[in-house]
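My notes follow in the order I took them.

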Amino acid sequence: MDLSEKNFTGQDPDSLGKLSLLNSLTGILLESMKNCVNLLTLDISHNYLIGELTSWPFELGLLQLLSSDNKLSGNVDSTLASSLDSSHHRPVVLDISKNQLYGEIPSSIGDFNSLHFLNMSKNSFVGSIPASIGQLKLLDTLDLSDNKLNGSIPLEIGGATSLEELWLKKNLFEGNIPTASGSIRGKGWRGKYCLFIGKMDKNDLLSNERWK
C-alpha cells in the first residue's frame, strides 16, 4: 500500500488499523495503524504531516521508521524514552530529517543499540551531541547536519566503531576536532560547516585545527 507523497484530507479510515498481517506500509501516519502489530516498515516521508512525533510507531517494534520531509514538530525526548520502556525491539533505520523538531538530542538515543542508520538532519535541534552516541556500536551512518547544535564533538563518538559516514555540517560547533578512534575520516572542513565521511584505519587521526 503506497500512500506516500499525497495530501489527503478527511477522517482516517479505521479499517486500516485492522490490517494485522501487514508487513510493510508507506504513506501517511494513521493513529488507527497502531493495531498493525506485525508492521516492520513504516514510510510516511514526503507528506504534510503536522503535530508531534508520536511514540506508537516505536512501540510497534518497527525495524525501519522513515518520516522525513514533513512538518512534524516538538521535542523527541519523551517519545524516545517511552518507546524504550514499551518495545522489545529497536529500529535499525530511523530517519526523522527535514521536519521542525527541536530541543536537545536525548541521551536515551544511545539505548537504540540496533541502529545502523540515523538521520536527524534539517531540524532545529540544539545543545551538544550526547556522549551516548558512542554506544551505538552498529551505527554506520549518522547525519546531524543543518541543525543548531553547539559545543564540542564528544570524544566518546569514537566508540561507534562501525561508523563510516558522519555528517555534521551547518551547525555551531566550536573547539578542537577530536581525534578518531573509530573508522571515520574528516575532510572538507569549512569553518563551522564540516563533513565527516569515508573510512580510515583505526590508528589514523583527524586534523586538530580549530574551527573558526
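I started at S68, which lies in the loop between strand 4 (64–66) and strand 5 (71–75). Helices and strands here are DSSP runs, numbered from the N terminus: helices are H or I with at least four residues, strands are E with at least two. The model is predicted, so I noted the limits: local features need pLDDT of at least 70, side-chain atom pairs count only at pLDDT 80 or more, and totals for chains, interfaces and linings use all residues. Residues are numbered from 1 along each chain as its sequence is written, and side-chain values use heavy atoms, with hydrogens and water left out.

Is S68 buried or exposed? S68 counts as buried, at 8% relative accessibility. Buried means under 20% relative accessible area, exposed over 50%, and partly exposed in between, with a 1.4 Å probe and protein chains only. Next I listed its contacts, meaning heavy atoms within 4.5 Å. Leaving aside neighbours within four places in sequence, S68 touches S45, H46, D95, S97, K98 and N99.

Then I stepped back to the whole chain. I find 2 helices and 14 strands. Of the 212 residues, 49% count as buried. The chain exposes about 10600 Å², and carbon and sulfur atoms supply 48% of that. These areas come from the Shrake-Rupley method with a 1.4 Å probe; for residues, only the protein chains shown count as cover. I also checked contacts between residues at least 6 apart in sequence: 47% of them join residues at least 24 apart.

I traced 6 strands in an open sheet, in the order 3-5-7-9-11-13, with parallel pairing. Strand 3 (50–52) and strand 13 (172–173) are the edges; each has a single partner strand, so one side of each lacks a neighbour in the sheet. Two strands pair if DSSP finds at least two bridges between them. Strand 7 and strand 9 (residues 124–127) pair in the parallel sense over 3 bridges. In that pairing G103 stands opposite F125 of strand 9. Strand 9 also pairs with strand 11 (residues 148–151), parallel, over 2 bridges. There V126 stands opposite K148 of strand 11.

I stayed on strand 7 for Y102. Y102 counts as partly exposed, at 44% relative accessibility. Its contacts, leaving aside neighbours within four places in sequence, are G74, N75, V76, S124 and F125.

Which residues touch the most other members of the largest nonpolar core? Such a core is a set of buried Ala, Val, Leu, Ile, Met, Phe, Trp, Tyr and Cys residues joined through side-chain atoms within 4.5 Å. The largest has 40 residues, and I noted L42, I109, L118, F125, L142 and L144 as the ones that touch the most other members. Helix 1 and helix 2 (77–86) each supply at least two residues of this core. L118 touches L94, I109, L139, T141, L142 and D143, not counting residues up to four places away in sequence.

Last, aromatic pairs. Rings of Phe, Tyr and Trp (its six-membered ring) pair if their centres lie within 6.5 Å; planes under 30 degrees apart count as stacked, over 60 as edge-to-face and the rest as tilted. I count 1 pair by this rule. The ring centres of F58 and F112 are 6.4 Å apart and their planes stand at 75°, so the pair is edge-to-face. F58 lies in helix 1 (residues 56–59) and F112 in the loop between strand 7 (100–104) and strand 8 (117–119), so the pair ties together parts 54 residues apart in sequence. F58 is buried at 5% relative accessible area, and F112 is buried at 2%.
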